[in-house]
Structure formats: C-alpha cells, structure tokens
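Dear colleague,

I am handing over the structure we spoke about, and it is placed directly below. Once you have had a look at it, please read on for an account of what was found.

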Amino acid sequence: MESEHMRVALIGLGNIMFCDEGVGVYLAKYIESNYDFDSQLEIVDGGLLGFWLMQYLNSYDAVVIVGASSHEAKVGAIAVDDKDKILAFGQTRKSANEAELVIMLEVAALAGSEANVEMIGIVPEDTLSVSNALSDAMYDSFDTLVKTTSEVLERYGITLKQKSTTIPIEEIVDNYANLKMV
C-alpha cells in the first residue's frame, strides 16, 4: 500500500502520568526529535485523544497508533494489529485507550472512513504507578519498538532517517514529562 501522496498520521497514545501507559507519547516525541521524515507524515501526541481520534481517521489515508497494549504476552512484547484485529478484540481490551480506539473505529466505519489503521502495541510492566517515567522493561524494549514503528511506516512509503545528533529516550522522557519539551 505504498504511495508517495499518501497522508499518514503516527499517533502516540497514552497517559504519561501512569508510567508505561505513556510509552506511545514518548515514542512519538522520540521519533519527532531524532529522525527526519517525509512531509506526508504527521506525528501526533495523542495523549488521551479519545473522540478527537476521529479527525485523523477521517482525514488520513493511514493512521499508525503506538501505545501500551493489553495483549497477554510477556512484558516488552510488541504486536502489530490491523483494524480488523483491533475490532475483533474490542470487548477484551483492558485499557481505556484501547477501548476508546475500538469505539472510534466503529464510529468511523459507520461514517465511511477508509483510513488504513494499525496499532503497534507494547506490553507494559506498570500502568498503575503515578510516575512520569518508563519502567526499565520499556527502556529495554524501546529500540525494538522504534524499529517496529519504522518498519510499519515503510509499508506506507515513509522512511525515517536518523539525525546525526540524537537525544536518548531517557532524556526525552525526563524533558517531556517535566515540561522541559513540548
């Protein structure tokens, strides 16, 4: 499904106040800070986007969402689910973000949205602690999450080109969680 005219949104979903729940937001900031990419890609801090996700489902050709996952797998495991799989597991999702995503996909389908949607989910270690940080397990899996995200974006004709100077994920988390970076 490659096209040089395809509009793609990369949305980092999650709540940075609850430890690993914010991994999608940090991933979006990390890519935005450390990579150059085509203008057809928009990176979105989805936070707790909820109903506002609809604007992306209705106006982009592809929407790639990254966030904590409730998949039954070991901590740090990464899964890529397409729209049909997300909808099929709709009633078994445990996080509010995943439940809202299912609802938005159902509403978007009724509205005739044709966006291709994929969710890159990583199994978190801790989404209950009130902490503007990531667990060690998320830091250990972060490079794999970036690589997986890059591979998914490549399917849509988007190539991430690493900048010569990069900011480590630990610094991104500290700066963004403590309002030193927006």
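How many positive and how many negative side chains does the chain have, and how far apart do the centres of the two sets lie? The chain carries 12 positive and 29 negative side chains, and the centres of these two sets are 2 Å apart. Please keep in mind throughout that this is a predicted model.

Overall fold

The secondary structure consists of six helices and seven strands, and, read from the N terminus, the order of the elements is β-α-β-β-α-β-β-α-α-β-α-β-α. The radius of gyration is 15 Å, close to the 16 Å that the globule rule gives for 182 residues, so the chain is as compact as a globular protein of that length. Along the principal axes, the C-alpha atoms fill a box of roughly 40 × 35 × 30 Å. Of the 182 residues, 52% are buried, and among the contacts with a separation of 6 or more, 81% are made by residues 24 or more positions apart. The accessible surface of the chain amounts to about 8900 Å², and carbon and sulfur atoms account for 51% of that surface.

Salt bridges

With a limit of 4 Å between a side-chain nitrogen of Lys or Arg and a carboxyl oxygen of Asp or Glu, the count of salt bridges comes to five; three of them are described here, beginning with the pair Glu118 and Arg155.

In that pair, the closest N and O atoms of Glu118 and Arg155 are 2.3 Å apart. The bridge links distant parts of the chain, with Glu118 in strand E6 (residues 116–122) and Arg155 in the loop between helix H5 (136–154) and strand E7 (161–162), 37 residues apart. Glu118 has a relative accessibility of 7% and therefore counts as buried, whereas Arg155, with a relative accessible area of 41%, is partly exposed.

A second salt bridge joins the side chains of Lys85 and Asp81, at 3.7 Å from N to O. Here Asp81 is buried, at a relative accessible area of 4%, while Lys85 is partly exposed, at 38%.

Glu151 is partly exposed, with a relative accessible area of 40%, and Lys147 counts as exposed, with a relative accessibility of 54%.

Although Glu21 carries an acidic side chain that is counted among the negative ones, its relative accessibility is 12%, so it counts as buried. Leaving aside neighbours within four places in sequence, Glu21 is in contact with Leu13, Gly14, Asn15, Ala68, Asn97, Asp126 and Thr127.

The other is Cys19, which lies in the loop between E1 and H1 and has a positive phi of about 45 degrees although it is not a glycine. Cys19 also counts as buried, its relative accessibility being 6%.

Helix H2 and Leu53

Leu53 is placed in helix H2 (residues 53–59), and with a relative accessible area of 3% this residue is buried. Not counting residues up to four places away in sequence, Leu53 touches Ile11, Ile65, Leu101 and Met104. The C-alpha atoms of Leu53 and Ala108 are separated by 9.6 Å, and these two residues are 55 residues apart along the chain.

Helix H6

Which residues of helix H6 (residues 169–177) are buried? They are Ile169, Ile172, Val173, Asn175, Tyr176 and Ala177, and the buried residues of H6 pack against H1, strand E3 (41–47) and H5. Just after H6, Leu179 takes a positive phi of about 60 degrees.

With kind regards

Notes: Residues numbered from 1 in each chain as written. Predicted model: local features only at pLDDT ≥ 70, side-chain atom pairs only at ≥ 80, totals over all residues. Heavy atoms only, no water. Buried < 20%, exposed > 50% of the residue type's maximum accessible area, 1.4 Å probe, protein only. Contact = heavy atoms within 4.5 Å. Helix = DSSP H or I, 4+ residues; strand = E, 2+ residues; numbered from the N terminus. Rg over C-alpha atoms; globule rule 2.2 N^0.38 Å. Areas by Shrake-Rupley, 256 points an atom, 1.4 Å probe, with all protein chains shown as cover. Charge placed at Lys NZ, Arg CZ, Asp CG, Glu CD.
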